[in-house]
2 protein chains.
Amino acid sequence: MSQIMNKYVDIFNDSLDRTFFDQVVNTKLEESMKYSLSAGGKRIRPVLLLMTLSMLHTDLKKGIETAKALEMIHTYSLIHDDLPAMDNDDYRRGLQTNHKVYGEAIAILAGDALLTKAFELITKDANIEAEDKIKLIRLLSESSGHQGMVGGQVLDMDSEDKEITLDTLRKIHRYKTGALIRFSVVAACTIAKANSKTFLLLDAFSQELGMIFQIKDDLLDIEGDFDKIGKAVGSDEINNKSTYISILGKVNTKIALEQHVNQALYLLDQLDEKYQTEELKSLTKLFASRDK
Amino acid sequence: MSQIMNKYVDIFNDSLDRTFFDQVVNTKLEESMKYSLSAGGKRIRPVLLLMTLSMLHTDLKKGIETAKALEMIHTYSLIHDDLPAMDNDDYRRGLQTNHKVYGEAIAILAGDALLTKAFELITKDANIEAEDKIKLIRLLSESSGHQGMVGGQVLDMDSEDKEITLDTLRKIHRYKTGALIRFSVVAACTIAKANSKTFLLLDAFSQELGMIFQIKDDLLDIEGDFDKIGKAVGSDEINNKSTYISILGKVNTKIALEQHVNQALYLLDQLDEKYQTEELKSLTKLFASRDK
């Protein structure tokens with residue numbers, strides 16, 4: 001996505017490549033898991049976690065397994081979302097979706113196995129203590145389960161072909177995409193044992209960032225470049241999906257985006273001086289200006 | 001299934017009914033999760049965990065959340081197994097399968113959410129310490145993921161319509177059904193902090209029990225009563241599935257069953273005197289003599 005992310009993307013991908021899948025029972029299943037894990041993701045969530053950890057002056061080693069777990073949860077959710085019974089997508093980021101390559105049954109099971117593996121990875125992390133592992137597993141399960149990402153997915157399905165309010169739209173995004181973005185930042189605070197002031201500021205910041213990410217997604221759907229965003233421009237309107245633009249109009253959506261950016265930057269400014277770095281600010285601006 | 005299980009089934013179901021699903025995001029999703037959780041399961045795994053804990057003179061309270069987590073994993077696997085892309089079953093235990101009631105998309109997501117919730121429950125258990133929680137989550141994820149239950153499911157799919165050896169059949173069962181039965185016993189040993197002699201004996205016992213369960217399943221498929229087993233008698237042969245009977249023949253299958261029962265009882269006899277109770281022995285015999 002950009003220069004400022006590359007360093008963290010490289011650290012992450014390098015470690016992911018070396019992830020040991022021990023006790024292989026069936027190579028086809030593991031192949032399918034790895035296929036989707038390495039299918040060109042932008043690694044936004046792992047980068048956000050590692051970048052926050054770096055700002056909090058904490059060894060990145062302490063966050064790498066949690067970052068992998070997080071990316072496994074994100075990846076399983078994409079595999080299951082793409083299934084014929086859900087969005088029925090044949091392509092993602094220019095590559096065939098998991099079930100197009102391996103069949104529906106393996107795709108369902110690969111998703112299940114990635115979700116399960118996420119929690120296993122955290123238990124085996126040699127760099128953090130048991131109490132912190134429990135906090136992270138609890139946070140990750142809450143963020144991704146029925147009261148988090150999966151709950152948001154059902155809310156979203158329930159809202160298809162309906163007129164919804166801005167409040168409902170914000171609720172969908174808070175759970176469906178916001179919960180894992182929030183986890184990225186809050187997990188870093190947990191690992192770094194941030195004090196409560198830092199924790200609260202960064203928690204609030206992560207929620208602004210989630211909003212920025214989603215509003216920009218809606219804008220890219222009408223203004224983006226097909227080759228870059230990898231899907232048909234205007235697909236939300238064709239699919240009769242409520243978006244910020246359909247509810248607020250384009251001008252007000254851009255104003256809302258700017259407000260969230262300002263609020264995110266303001267929150268970062270309130271952090272103690274030792275945490276004042278440019279990386280998270282640049283990432284925030286990048287979230288709002290990205291073209292894919 | 002029988003008198004000796006009832007006490008534990010009651011304790012388990014009573015606690016499960018009171019499980020708090022906090023922060024309800026979408027009631028339909030939670031309804032779907034609860035539908036399958038309470039759809040008349042025999043609770044074999046929770047009973048086995050609690051019965052082993054009782055034998056090890058440990059407060060059942062320490063095992064109840066892990067037992068619920070285990071049943072959630074088992075339940076999610078049934079929901080996903082029943083999907084059209086997998087076994088395409090309309091009924092289970094006389095009730096409509098999850099996707100027949102709630103649709104495929106919700107069924108996939110309810111399975112995902114139950115799998116996620118299982119790990120959350122263990123993190124929130126107030127009765128066991130952090131180190132033990134980590135051991136249990138690690139064991140449960142290994143038992144149910146790509147190197148456990150899910151791996152076994154793929155092995156099983158790969159063996160359909162093929163002639164397989166007894167070794168392959170045993171491998172399928174060791175992972176597909178054996179891994180969670182083993183977890184039930186090994187989790188109890190972990191919670192009770194059993195010494196290594198007890199741990200090794202009960203681990204070996206649990207693997208015999210898994211074999212007994214599966215061999216009896218194969219026998220019930222040809223000798224069972226439709227009304228009791230809840231599926232057509234002879235369905236394995238119709239579906240061209242390899243079983244103990246298709247490989248060994250009926251007479252040798254019954255001899256194998258008896259050998260595993262004897263070995264399981266022998267292992268229990270080797271336990272220290274303070275662990276000599278009749279419950280697990282009765283349960284072993286019940287596994288081999290059950291009619292459903």
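How many residues of chain A are in contact with chain B, and how many of chain B with chain A?

1. The contact between the chains. The model is predicted. In it, 47 residues of chain A are in contact with 47 residues of chain B. On the chain A side, the elements giving two or more residues are α2 (27-37), α6 (104-123), α7 (130-144) and α8 (149-158). Of these, α6(A) gives the most, with 13 residues.

2. Make-up of that side. Sorted by class, the residues of chain A that touch chain B are 21 nonpolar, 13 polar and 13 charged.

3. The nonpolar core. The largest nonpolar core has 159 residues, and A:Ala110 and B:Ala110 have the most contacts inside it. Helix α9 of chain A, residues 166-191, gives the most to this core, with 13 residues. In soluble globular proteins, nonpolar side chains tend to be buried together.

4. Around A:Ala110. Leaving out residues up to four places away in sequence, A:Ala110 touches A:Leu29, A:Ser32, A:Met33, A:Ser36, A:Ile79, A:Asn98 and A:Tyr102.

5. B:Leu70, buried or exposed? B:Leu70 lies in helix α4 of chain B, which covers residues 61-82. B:Leu70 counts as buried because 28 C-beta neighbours lie inside 10 Å, and the cut-off for buried is 20 or more.

6. Around B:Leu70. Residues up to four places away in sequence aside, B:Leu70 touches B:Arg45, B:Pro46, B:Leu49, B:Leu140, B:Leu180, B:Phe183 and B:Ser184. One of these, B:Leu49, is 21 residues apart from B:Leu70 along the chain, and the C-alpha atoms of the two are separated by 9.4 Å.

Methods:
Residues are numbered from 1 along each chain as its sequence is written. Chains are lettered from A and ligands numbered from 1 in the order in which they are written. This is a predicted model: local features need pLDDT of at least 70, side-chain atom pairs count only at pLDDT 80 or more; totals for chains, interfaces and linings use all residues. Two residues are in contact if their C-beta atoms, placed from the backbone, lie within 7 Å. Helices (H or I, at least four residues) and strands (E, at least two) are DSSP runs, numbered from the N terminus. Ala, Val, Leu, Ile, Met, Phe, Trp, Tyr, Cys and Pro count as nonpolar, Asp, Glu, Lys and Arg as charged, and the others, Gly among them, as polar. A residue is buried if 20 or more other C-beta atoms lie within 10 Å of its own, exposed if 12 or fewer, and partly exposed in between; C-beta atoms are placed from the backbone. A nonpolar core is a set of buried Ala, Val, Leu, Ile, Met, Phe, Trp, Tyr and Cys residues joined through C-beta atoms within 7 Å.
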